[in-house]
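Here is a short report on one protein model. Keep the structure in view as you read.

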Amino acid sequence: MESCETEEKKRVLIIADAHWYLVWHLPRLFWQAGARVDMMSPRWQPLRHSRFVDSWLECPADTAPIVRRAESHLSDHKYDLVVITDQTVIEALARGEHQSDWIHWLSPDTATAIQSKTAFYTWAQSKQIPMPLGQLCMSPEAARLWIEQHGTAIIKVNGRHGGGGVHRVDSAEDLQAAWHALGEPAMFLIQKFHFGEVGVTE
């Protein structure tokens, strides 16, 4: 009888701050996919007690010490996937003088794209990543012309999270009110609204 070798689990490291809402779904997601889940976080991160976390590694709460702790740990430990949920840590890593192998993909441009809706659109276009038809606008007038040509659209502004910076506009007549509700931004992204399709980039 031939012996069957058990396939080694993929290893995932989640680097999190103390906020649970950015990370609550991740341990279970990776665990159910068959991965071993390690979490690096401050002590008061409640999800470190989750049954879907196989191992917990303590780190400080401030950005610079988190970066040093992560760099030190990852110099000796290899993971198939490293997930960073803290935006300030991503920015600090992108500014780092030495680019580590585990995060070779993170350039300052990529870090900017991660935190900006308008920059993400420009970055995705430069990488030929498919996205809904859109345009960067510097005024409501430019957006009004775009809506008249393409119909129902979504306006996206920077500096908002959780869907707060997104507004649907069904006609050019609705644009001024939507622009005002979003804080009258100097620059914003307008994209074609696709009925019946759901997606997220967060």
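## Charged pairs

R43 has a relative accessible area of 43%, so R43 is partly exposed. Buried means under 20% relative accessible area, exposed means over 50%, and partly exposed lies in between (1.4 Å probe, protein chains only). This is a predicted model: local features need pLDDT of at least 70, side-chain atom pairs count only at pLDDT 80 or more, and totals for chains, interfaces and linings use all residues. Residues are numbered from 1 along each chain as its sequence is written, and side-chain values use heavy atoms, with hydrogens and water left out.

R43 forms a salt bridge with E58, with the closest N and O atoms 3.0 Å apart. A salt bridge is a side-chain nitrogen of Lys or Arg within 4 Å of a carboxyl oxygen of Asp or Glu. The pair links distant parts of the chain: R43 sits in the loop between β2 and β3, E58 in strand β3, 15 residues apart. Strands (E, at least two residues) and helices (H or I, at least four) are DSSP runs, numbered from the N terminus. E58 is partly exposed, at 37% relative accessibility.

The whole structure holds four salt bridges. One of them joins the side chains of R11 and D38 (3.1 Å, N to O). R11 is in strand β1 and D38 in strand β2, 27 residues apart. D38 is buried, at 2% relative accessibility. R11 is partly exposed, at 24%. R11, R36 and D38 are linked in a network of salt bridges.

## A buried arginine

R48 lies in the loop between β2 and β3. R48 is buried yet has no salt bridge. The nearest side chain of opposite charge is E58, 7.3 Å away. The side chain of R48 reaches the backbone oxygen of R43 at 2.6 Å.

## Strands side by side

Strands β6 (residues 153-156) and β7 (residues 166-169) pair in the antiparallel sense over four bridges. Two strands pair if DSSP finds at least two bridges between them. I154 stands opposite R168 in β7. Four bridges also join β6 to β8, and these two run antiparallel. Here I155 stands opposite I190 in β8.

## One side of a helix

Which residues of helix α5 are buried? They are T118, Y121 and A124. They cover an arc of only 130° around the axis, which puts them on the same side of α5. The arc is that of the directions from the helix axis to the C-beta atoms. An α-helix has 3.6 residues a turn, so residues three or four places apart point the same way.

Note on methods:
Lys, Arg positive; Asp, Glu negative; His and termini not counted. Polar contact = N/O pair within 3.5 Å; in protein donor to acceptor, adjacent residues only side chain to side chain.
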